[in-house]
Amino acid sequence: MGFLDKLLGRSVEPEETEFVFGEIPAWLAEKERAIHEEADNVVRESRPRVCAALREMQETVDALKGAKPDENVVLHPKLLRVVEQGVPRYAAAMEKTLALSVSEVPGEYYDDCIELISQIAKNTKGPGRYIANVFPAQMKEIRLQTDVIGREINALSGVLSQSREQSAWVDAAAETHALLLTNQNQLREVQHTASHMAEENEALAAELSALKHDLQALMEGSEAMEYDELIARQAVCGGKLHEADADYKRILSRSANVFRKAVHICELSGDTETLELLKTVRNGLESPSSAERARGLAAYPSLFPRLARMISESDTLIKNKDEQALFSEQDAFLIPLTEAIARTEDLHAESAAVADALGDLLYVGKKAGMEEKIKKLNEQIVRNAAQINDIQDITDEIRASAPEMAESLRLNLEHLAGEGVHVSLIQVPDFS
């Protein structure tokens, strides 16, 4: 700002500077090098002065060790004894302090100087606090050289503070620049993925539509009709089997009371042979197996004469007309049960034939395979759609953060460019 501008309070138009996005890393690297070089230069200029002050103090301490009090100055004997004892301790403490190394690295150099000042002050407050009364010239010289180090610290403090501030701007700008590039690459990758998945979903939808059409054709074709007919036959056969079994069990239930009483009579009379025949017939007829039922029924002709005799000899064995009709003659029991067993066997054979026919049909496997594939295609389409939505969220987030990040980068560069400089960014990655 010129003198007239200052006098009139006018502001100078800011200097406009353009930064090409791709050239920013190189500019930041150069700026960081310059920052470090400036700090290094200050240390290179300061360090000889601090080292010289340390040498001066060392010479003063060496002289102090052999110094004698001024004979013209009257001193209290107690003070003299304290100083005589204190000088060696003070000299030893100072020599230990002055032996500390002073780094050439700016930050470490600054910390070393601070440590020197701290230790010198500690030594002075300790053994050296009475020595100044006896050796004022030597202690004054040490204070003067300490002030030299203090002035160097003060001068370096401002430089290092500015250096740290500028280095922080460099780091922030470099990090933001790298993140913008990362986001650009990520945006490109996720958009490519989303595009690929959208194309995949179109192909899957076409495949799904064709598969549903084929499934519909299969379900309306001759194979489906044959399958439906067999299923209907299977249902009818199952119903008939249930009825036949119910008929068989009704006949058997009408005989249960007679057989139970006959068993009781045999047990009382000790007729084990008839008892065994009764058990064979009953156990066979009550079995769910048609073969066992037939074996039980085959033993009935051997049982019937014995049973007929028991009926004729006992007025309590037959208690109603149903039982009387069932056991009036051998065939009255034998024929209906034989027919019921045969009917059940025929129905089981028919049911097995229908099951075999169903097993031989390719329709069921074809239909199940198509339905499974349709299910998997639908699931894949849903997964892809969900991932496309997730990608859209990522895309929106990247795009929303880009302006703020670019502005943060621009402001950091503006800080580094210097006062009165306005920075514009060009060729920033496109996040549209």
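1. Basis. The model is predicted, so local features need pLDDT of at least 70 and side-chain atom pairs count only at pLDDT 80 or more, while totals for chains, interfaces and linings use all residues. Residues are numbered from 1 along each chain as its sequence is written, and side-chain values use heavy atoms, without hydrogens and water.

2. Helices α4 and α6. Helices here are DSSP runs (H or I, at least four residues), numbered from the N terminus. The axes of α4 (residues 106-125) and α6 (residues 136-219) come within 10 Å and cross at roughly 145°; axes are lines fitted to C-alpha atoms over the stretch in contact, with angles from 0 to 180 degrees between N-to-C directions.

3. Residue N201. This residue lies in helix α6. N201 counts as buried because its relative accessibility is 13%, where buried means under 20% relative accessible area (1.4 Å probe, protein chains only). Beyond neighbours within four places in sequence, N201 contacts Q380, I381, N384 and A385.

4. Nonpolar cores. A nonpolar core is a set of buried Ala, Val, Leu, Ile, Met, Phe, Trp, Tyr and Cys residues joined through side-chain atoms within 4.5 Å. The largest has 30 residues, and F259, L285, Y300, L307, F327 and F333 touch the most other members. Helix α7 gives this core its largest share, eight residues.

Technical notes
Helix = DSSP H or I, 4+ residues; strand = E, 2+ residues; numbered from the N terminus. Buried < 20%, exposed > 50% of the residue type's maximum accessible area, 1.4 Å probe, protein only. Contact = heavy atoms within 4.5 Å.
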